[in-house]
Amino acid sequence: MRRVWAAGWLATWAVLLAGCASTLRLEHTVRSEAAWRAEVRPSAGQAYVFERLPSQRSGAAAQEQDQLEAIAAEVLASHGLQRAEAAAGAAASAVPWGVQLVARSVKYPYAPWDPPEPRPGWVPYGQVVVGRGMVSSLGLHWSLRPPYYVREVALTVRDRRSGEVVYETRATQDGPWADTPALWRALLQAALDGFPQPPVGPRRVVIEQPR
């Protein structure tokens, strides 16, 4: 009986995973604010440099920032802005915009709406609950639920000629998917939705992203 139950459980998950293997429909919460001067706003072909906080300039944090900025550069290019190869000290007249990125990802053991422990009725005879998973009488272990991730990115644009921050946007994304470049790309696409003149107030932005 235990073997039949386990086979059915695995078959059900296989069907669910196969049905959503090609595309993810990702929902994001986004809020953006623009403060461009009437005569000064980004135009196609203009250049920018990434500007980093002290905590982003060395070690593992710098490597993670390299990866995030590479993805952001692709998204910004789709809006007509080009990453400058020059150092951050390049003349503002040649590189008028500075872009800063701050990102975080938090992993939770299960989704916020899940109960803290599995219900007793979920455990077949001869099996016991251990933490967030289940151990069979044969000593095999599997999780009853996937971990849950919350990702957030904040992006600001600074006018290097005046020193003013003229654009800021923040986007959050959550779900049972571990961090991947594709998910960060979707998050940045959502954050820059409507750039350079986004809708006013918080909004939901849906991005369909290949897995």
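A salt bridge here is a side-chain nitrogen of Lys or Arg within 4 Å of a carboxyl oxygen of Asp or Glu. By that criterion, this predicted model holds 15 salt bridges.

View A. Arg25 pairs with Glu27, with the closest N and O atoms 3.1 Å apart. Arg25 counts as exposed, at 51% relative accessibility. Glu27 is partly exposed, at 37%. Glu33 forms a salt bridge with Arg31, where the closest N and O atoms are 3.8 Å apart. Glu33 is partly exposed at 39%, and Arg31 is partly exposed at 46%.

View B. The closest N and O atoms of Arg52 and Asp66 are 2.5 Å apart. Arg52 sits in the loop between strand 2 and helix 2, and Asp66 in helix 2, so the pair ties together parts 14 residues apart in sequence. Asp66 is partly exposed, with a relative accessible area of 43%. Salt bridges link Arg52, Asp66, Glu69 and Arg83 in a network.

**View C. The largest nonpolar core.** This core has 34 residues. Tyr48, Phe50, Leu101, Val157 and Leu188 have the most contacts inside it. Elements giving two or more residues include strand 1 (23–34), strand 4 (97–108) and strand 8 (148–159). Helix 3 provides the largest share, seven residues. Beyond its neighbours within four places in sequence, Val157 is in contact with residues including Trp36, Trp97, Tyr167 and Phe195.

**View D. The largest pocket.** Its volume is about 380 Å³. The lining has 15 residues; Glu64, Gln65, Gln67, Leu68 and Trp184 lie nearest the centre. Helix 2 gives the most, six residues. The lining divides into seven nonpolar, five polar and three charged residues.

Key: Residues numbered from 1 in each chain as written. Predicted model: local features only at pLDDT ≥ 70, side-chain atom pairs only at ≥ 80, totals over all residues. Heavy atoms only, no water. Core = buried A, V, L, I, M, F, W, Y, C linked by side-chain atoms within 4.5 Å. Buried < 20%, exposed > 50% of the residue type's maximum accessible area, 1.4 Å probe, protein only. Helix = DSSP H or I, 4+ residues; strand = E, 2+ residues; numbered from the N terminus. Contact = heavy atoms within 4.5 Å. 1 Å grid on protein atoms, 1.4 Å probe; cavity = no way out; pocket = protein on both sides within 12 Å on 5 of 7 lines; lining within 4 Å. Points joined across faces, edges and corners; volume = space filled by probe spheres on them. Nonpolar A, V, L, I, M, F, W, Y, C, P; charged D, E, K, R; others polar.
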